[in-house]
Amino acid sequence: METITLTIKYVAYLIIMLGVFVGVWIVVGRGLFDTMRWLLRQGGATPGSLTDEVAAHPGGETLRACIQCGTCTGSCPAANEMQFPPRTINAMVKAGMRDEILSSNSMWLCLSCYLCTERCPRGVKVTDIMYALKRMAIRYNGGNYWASTTVQERTFVDCVNLTGRLTEMGLTGGYFWRTNPLKALTMIPLGLKLLSHHRLPLIPSRVKGMRELRAMIKKAQTLEREHLAPQEPAPVTTPTV
Amino acid sequence: MKYSYFPGCSLEATAQSYEVSTKAVCKALDVELEELEDWNCCGATAFYSIDELLALSLAGRNLALAEKKEGRDLVVSCSGCYITLEKANATLRAYPPLKAQADEVLAEAGLEYHGGVKTRHLLEVLINDVGLEAIKANVKKELRGLRVAPYYGCQIVRPRLGFDHPELPQSLDHLIESLGADATPFPLKSRCCGGPLILSQEKLALDLIHELFRSADANGAQCLVTVCPCAR
């Protein structure tokens, strides 16, 4: 009789624990704490060509100078992992292939190392174009909402919107909750190691002026992105070496 | 010499040792650092990937706070924060419509930014303001015989903002040599380590890191020195 009650008790505990685990996963993982969800409601192409749309972003106007030499792709450390490497992306933008580009993983693999931009003989700011495409993708389809890099960037943004500063626990914890909760368990040994060397603060440091920061974030949401309307193409200049 | 100091989020966490050494070295070299009051996260690559106005506003808040201390440069140890703040500065200057919107956002926090802050990396301050001679004179124990590979990472030298060569920089090499150690040749010294995507693209980042270590090892280095907590 006692063993039965004990078994029932332990099974109940297990169910409750699993329930909490799944519950937190659903709540946190399902994007309910996504502070940038308002961006997803701003989808849709702007009038004009895709080149004009990219050109409206800072740095995007240099795309017109591309001569398809391939220096960018040759320099890119992540080109092999991209569905379409930088040179191809530039050609696709000029060809107006909006759906294919914005659904791809290409720009999300950009490491922002600027080697392409540095080496481009025509002064094309390839990295800035990649950033522009990421932002356009977010508005288009959430940026492949559940893709690993998109989740990482979203989690980073959520953490900072919450406390003003980023913490390891917030970023890695949030990231694993949203992508692969079980993987979080494999990080425990590393976490303990960092903790023992005082390299893992458990209490996040906060910005004192959070109220003002939140007001800023709210204001940024309301402003019309007028600069995203197609503009006059900027004059193309070739940099002097 | 008095400067405003921006630690950045990583120096408060896993890169705490970088903050400890920054403060200790600056104290020894009479470089006075005053932490920027109530600084916020610079935004790094993540914010710029999601929304440029918010990214510029976040960086702008730090710049506006720094501008309050007139005439003082903003010193940053973290390469990521350094380049993010300087890029924000450059972008706000080059795109007036964006600056106008950023001004509106900053006004919500009662802040204004007029473009008057110069963000500088600690390495550049040590080389240009303190000088290698002064550093050499302060060395108590030379690192004789230590072969060090100087790893700059990509963010301190690119996009080109005037500090050192964008692919084969030399400043850290000189600093290492002024301490008596040998700076080994390191062709991949400013190649990306994959840090920004270490969580989401683990294999890519680890492959890049592996290449860096192989190059450093092949050139006879015993250890690696880096100026970027992300790369760290």
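Before anything else, a term I needed: two strands count as paired if DSSP finds at least two bridges between them. With that in hand I looked up A149(B), and its bridge partner in β7(B) is L224(B). I also jotted down that this is a predicted model.

**Entry: the sheet in chain B**

I asked myself how many bridges join β5(B) to β7(B). I found four, and the two strands run parallel. Then I looked at the whole sheet: it is open, has three strands in the order β6-β5-β7 (chain B), and its pairing is parallel. β6 and β7 of chain B are the edge strands, each pairing on one side only. A helix, α9(B), packs on this sheet and touches β5, β6 and β7 of chain B. I noted that the direction of α9(B) makes about 155° with that of β5(B).

**Entry: helix α9 of chain B**

Why is α9(B) largely enclosed by the rest of the structure? Six of its eight residues (171–178) are buried, so there's my reason. I listed the buried ones: S171(B), L172(B), D173(B), L175(B), I176(B) and S178(B). What covers them includes the strands β5 (147–151), β6 (182–183) and β7 (223–226), along with α7 (122–130) and α8 (132–137), in chain B. After the helix comes G180(B), which has a positive phi, near 95°.

**Entry: two domains in chain B**

Chain B splits into domain 1 (2–123) and domain 2 (140–226). Their centres, taken over C-alpha atoms, are 24 Å apart. Each domain puts eight residues into the contact between them. On the domain 1 side, helix α5 (residues 79–94) of chain B gives the largest share, five residues. Sorted by class, that side has three nonpolar, four polar and one charged residues.

**Entry: the nonpolar core**

Which residues touch the most other members of the largest nonpolar core? I got F47(B) and V76(B), out of 128 residues in that core. Skipping neighbours within four places in sequence, I found V76(B) in contact with residues including F6(B), L85(B) and L122(B).

**Entry: where the chains meet**

Last stop: the contact takes 52 residues from chain A and 47 residues from chain B. On the chain A side, the elements giving two or more residues are α6, α7, α8, α9 and α12 of chain A. α8(A) gives the most, with eight residues. By class, I noted 28 nonpolar, 12 polar and 12 charged residues on that side.

Technical notes. Residues numbered from 1 in each chain as written. Chains lettered and ligands numbered in written order. Predicted model: local features only at pLDDT ≥ 70, side-chain atom pairs only at ≥ 80, totals over all residues. Contact = placed C-beta atoms within 7 Å. Nonpolar A, V, L, I, M, F, W, Y, C, P; charged D, E, K, R; others polar. Buried ≥ 20, exposed ≤ 12 C-beta atoms within 10 Å, placed from the backbone. Domains from an automatic or database assignment. Core = buried A, V, L, I, M, F, W, Y, C linked by C-beta atoms within 7 Å. Axes fitted to C-alpha atoms, helices over the stretch in contact; angles between N-to-C directions.
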